[in-house]
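Reader: I would like to learn how to read a structure like this one. Could you take me through it step by step?

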Amino acid sequence: MPTPRKKLIIFLEKFKKQRRLLLLILLTVIIIAVLFLLIFQDRRNLPSGITRVINNKVLEKSAEKTLKYNVFGDHFANDLSINSSQTTFYYDRVSTAYSFLPLYTWQNGDVCSDKNCGLTAADWSFPDFNEEYCLKSGCLKVEGKNIIYKNKNLSLPSEFKGKEIVNISLYPLKNDWLVGIVFKAGEEERGIAYRYNGKTFSNLDTNKSLNFISRAGYSGARFGFGGDDNNYIVLFGGYNLVGYQFTKDKIIDLQSFLGLRVADGGFAPVIIKQNRGQETLWYICSRTEGKPKLIKLWQNGSESVKGVLSLTEALLNETDSAASVRCRAGEKAGELELAYENNGQTKIKVFEDNGFKQDIDYVLSSKNIFLDKGEINSVNFGGLLACDNKECGDGTMKNSLQFLVSFAGQKYTVANLNRELNFPAQSRGLYWQIKTVRKNTSADYSPWIDGLTAISYSWR
């Protein structure tokens, strides 16, 4: 049993430990109190405006956590998102693009007893494989899979050594010929296009960038040419339709105008070029049996193609649904003669292209594209696929088109592409419009609108 002295010593040791703990607790409380006073004093000395900014930033960060986002594009593969009752632009379901309303007429022509109405196949822009084209320097033709110049068999360019030739196409310019050679490459058919001057073959693909390749397993790819020395088009008709326009020192890829629906599984193309005033018109026909085609390209008075329009449906409706159609240039620009067989006779239809209807206030208007529940916070539109008489892309908004948005589908506000637009509170809809901003004096002019590929919005 501890003595009284030992009990006192034990008590004093416990008191010392408790006193240290009490001092530590008291010191902690004092430090916290000082820090609180310093923070409060610093906050109190801030200007009221800065205090509000800090508060708003906190609120914004809190709000951002609740925002949802959506990104998509519309290539107009159909017109389901378009308000047809408000839209006055013409929708082409084959090229899946919008333009002014096309104007054209059809007239009945001759009825012939023979297939070509007394003309050669070349007159109908359907040269036979052995068709001969004569220029000042001599005559060039194809016999089977050989090219004959001045009655002598030409040696093909070295890149065809050991290759299996599928077919060869020719087209005469003023002093030269365009030559397209298709060959086998495994399961693919590929092509190389040349300009031949009577001495040498000059490959048109100087930068090795032209994509004359058909889909694997497809057979029957063929070149088609049209134009003149300073402005011609080369088409490669495989499963896809590949095309390039050659203008002086430029090569322009026409792929954006030649989609899968235009190609329709592949056909051998024929190209007819016509000039009317400042406008250049191009018409593409087909020499493939069972694949009648009538496709229009136009340049809007510029140096290169600015739009495409399929008139094949109109062609079929006007030719008793003929399975095959042959075409050639008419007597004046914008006129074509088309021949088709019906009940053992060849009938001629004359197509007259009158351009586009100009006296309409054109508008392309969407339905509500906000299909989620909640309120729109902001939106950004970009990636406009469109062309006018000056350029293609977003730049058309500086020249010929105007873009507008609305949150209710009633009052529209002019907006800029590729800029974020903040919507007012309780905005539960999202609509857009494209309008023309000026009239054009040329009947052959039309903008071409192919899609909005970058639409993004946030909502809560």
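This is a predicted model: local features need pLDDT of at least 70, side-chain atom pairs count only at pLDDT 80 or more; totals for chains, interfaces and linings use all residues.

Reader: What share of the residues count as buried?

Author: Buried means under 20% relative accessible area, exposed over 50%, and partly exposed in between (1.4 Å probe, protein chains only). Of the 460 residues, 45% count as buried.

Reader: How many salt bridges does the structure hold?

Author: A salt bridge is a side-chain nitrogen of Lys or Arg within 4 Å of a carboxyl oxygen of Asp or Glu. The structure holds 14 of these salt bridges. One of them joins Lys439 to Asp361, with the closest N and O atoms 3.3 Å apart. This pair links distant parts of the chain, 78 residues apart: Lys439 is in the loop between strand E29 (431-436) and strand E30 (448-459), and Asp361 in the loop between strand E23 (345-356) and strand E24 (363-365). Both Lys439 and Asp361 are exposed.

Reader: Which parts does the salt bridge of Arg428 and Glu375 tie together?

Author: Their side chains meet at 3.1 Å, N to O. Arg428 lies in the loop between strand E28 (421-422) and E29, and Glu375 in the loop between E24 and strand E25 (376-387), so the bridge ties together parts 53 residues apart in sequence. Arg428 counts as exposed because its relative accessibility is 51%, whereas Glu375, at 22%, is partly exposed.

Reader: Is Glu337 buried or exposed?

Author: Glu337 counts as buried because its relative accessibility is 16%. Its side chain meets that of Arg328 in a salt bridge (3.1 Å, N to O), and Arg328 is partly exposed at 22%. There is also a network of salt bridges linking Asp176, Arg195 and Asp229.

Reader: Which residues have the most contacts inside the largest nonpolar core?

Author: A nonpolar core is a set of buried Ala, Val, Leu, Ile, Met, Phe, Trp, Tyr and Cys residues joined through side-chain atoms within 4.5 Å. The largest has 74 residues, and those with the most contacts inside it are Leu294, Leu364, Phe381, Phe403, Leu430, Trp432 and Ile449. A second, separate core of 18 residues includes Tyr133, Leu135, Ile168 and Ile181. Back in the largest core, leaving aside neighbours within four places in sequence, Phe381 is in contact with residues including Phe403, Leu430 and Trp432.

Reader: Where is Thr288 found?

Author: Thr288 is in the loop between strand E18 (279-286) and strand E19 (294-298). Thr288 counts as partly exposed because its relative accessibility is 28%. Ala268 is 20 residues away from Thr288 in sequence, yet their C-alpha atoms are 5.6 Å apart in space. Leaving aside neighbours within four places in sequence, Thr288 is in contact with Phe267, Ala268 and Ser324.

Definitions and conventions
Residues are numbered from 1 along each chain as its sequence is written. Side-chain values use heavy atoms; hydrogens and water are left out. Helices (H or I, at least four residues) and strands (E, at least two) are DSSP runs, numbered from the N terminus. Contact means heavy atoms within 4.5 Å.
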